[in-house]
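Trainee: Could you walk me through reading a fold like this one?
Mentor: Gladly; let's look at it together.

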Amino acid sequence: MSYNLLKGKKGIIFGALDEKSIAWKTAERVHEEGGEFVLSNAPIALRMGSIKELAKNTNAEIIPADATKMEDINKLVDQSTEKLGGKLDFVLHSIGMSVNVRKGKHYTDQNHDWTQKGFDVSALSFHKVMQSLYQKEAMNEWGSIVALSYMAAQRVFPDYNDMADNKAYLESVGRSFGYFFGEKFKVRVNTISQSPTPTTAGQGVKGFNEFIDYADKMSPLGNATAGECADYTVSLFSDLTKKVTLQNLFHDGGFSNVGVSNALMEFLKEKKL
Ligand SMILES: NC(=O)c1ccc[n+]([C@@H]2O[C@H](COP(=O)([O-])OP(=O)(O)OC[C@H]3O[C@@H](n4cnc5c(N)ncnc54)[C@H](O)[C@@H]3O)[C@@H](O)[C@H]2O)c1
């Protein structure tokens, strides 16, 4: 159902790779709500993924940008405001990748060149995007910037590896840059801490299937899906959440506040029999 929550709003959506991507679902929901946007992803992902289909269905332009390169981001911001005919109202940072996770390197035995690469892509890129938007004064007043995070920023999930550290930085940058963005431009910045979700990035984590099952059993409302994350993001882009800023918002069916659930206890009891 559409409520026209984003009618007249313009933005950039980073990170739609295929139809499982959280950014893909968000682009579809933003379009349904009347928002217009540019889709961006790394040049290599554009060659591999099916983003053209999404662009066609949502009347969006695609502008490639490697989110680790300031030059690419600056060009993207300039071209987006030009193509969309004005400043931006929303930006979604939905970007993550760890080379150590991909190549199965344990947290205690990292290749630190890979660690730096993953940090650049998953964490520092959020600062770079915001720095470009800030310096170019590219956001409208009461605009909204959102990045996606995970609870490994606060608690230990051993196989999340160096992505845990990247998410901790990402959330911190959301608060720090959010302060300056609020003060100078009345723009809000938040991170959404999302349930484990079966996407390309999610499924790269070792033992993902068991892990997603565990989170589901521990959450009174069950895991939040990518589509539900898209709905939540739409609410944060809308005018209904104008004073929500500097927050890390858990979108996880209640997981983050549960010590143990009846569903998990039942499962453990059955296993012992
Ligand atoms: N899937 C989960 O379980 C889960 C849970 C919580 C948070 N998140 C976060 O959600 C976000 C989106 O991930 P997803 O699960 O939709 O997976 P995804 O694999 O569909 O999306 C990750 C995106 O990052 C892009 N990317 C990688 N390197 C890039 C670069 N240099 N420049 C620009 N883009 C680049 C990829 O091309 C891809 O589109 C990530 O930040 C991820 O950490 C995912």
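**Strands, helices and a ligand**

Mentor: Strand β4 (residues 88–93) and β5 pair in the parallel sense over five bridges. Strands pair if DSSP finds at least two bridges between them; strands (E, at least two residues) and helices (H or I, at least four) are DSSP runs, numbered from the N terminus. This is a predicted model: local features need pLDDT of at least 70, side-chain atom pairs count only at pLDDT 80 or more, and totals for chains, interfaces and linings use all residues. Residues are numbered from 1 along each chain as its sequence is written.

Trainee: What is the order of the strands in the open sheet?
Mentor: The seven strands run β3-β2-β1-β4-β5-β6-β7, with parallel pairing. β3 (61–62) and β7 (247–251) each have a single partner strand, so one side of each is left without a neighbour in the sheet.

Trainee: How do I read the packing of α4 and α6?
Mentor: Two packed helices are described by the angle between their axes and the distance between the axes. Here α4 (residues 70–84) and α6 (residues 112–135) pack at about 45 degrees, with their axes 9 Å apart. Axes are lines fitted to C-alpha atoms, for helices over the stretch in contact, and angles run from 0 to 180 degrees between N-to-C directions. Contact requires C-beta atoms, placed from the backbone, within 7 Å. Among the contact residues are Met70 and Ile73 of α4 and Val129 and Leu133 of α6.

Trainee: How many residues surround the ligand?
Mentor: There are 27, counted if the C-beta atom, placed from the backbone, lies within 6 Å. α8 gives the most, with three residues.

Note on methods
Contact = placed C-beta atoms within 7 Å.
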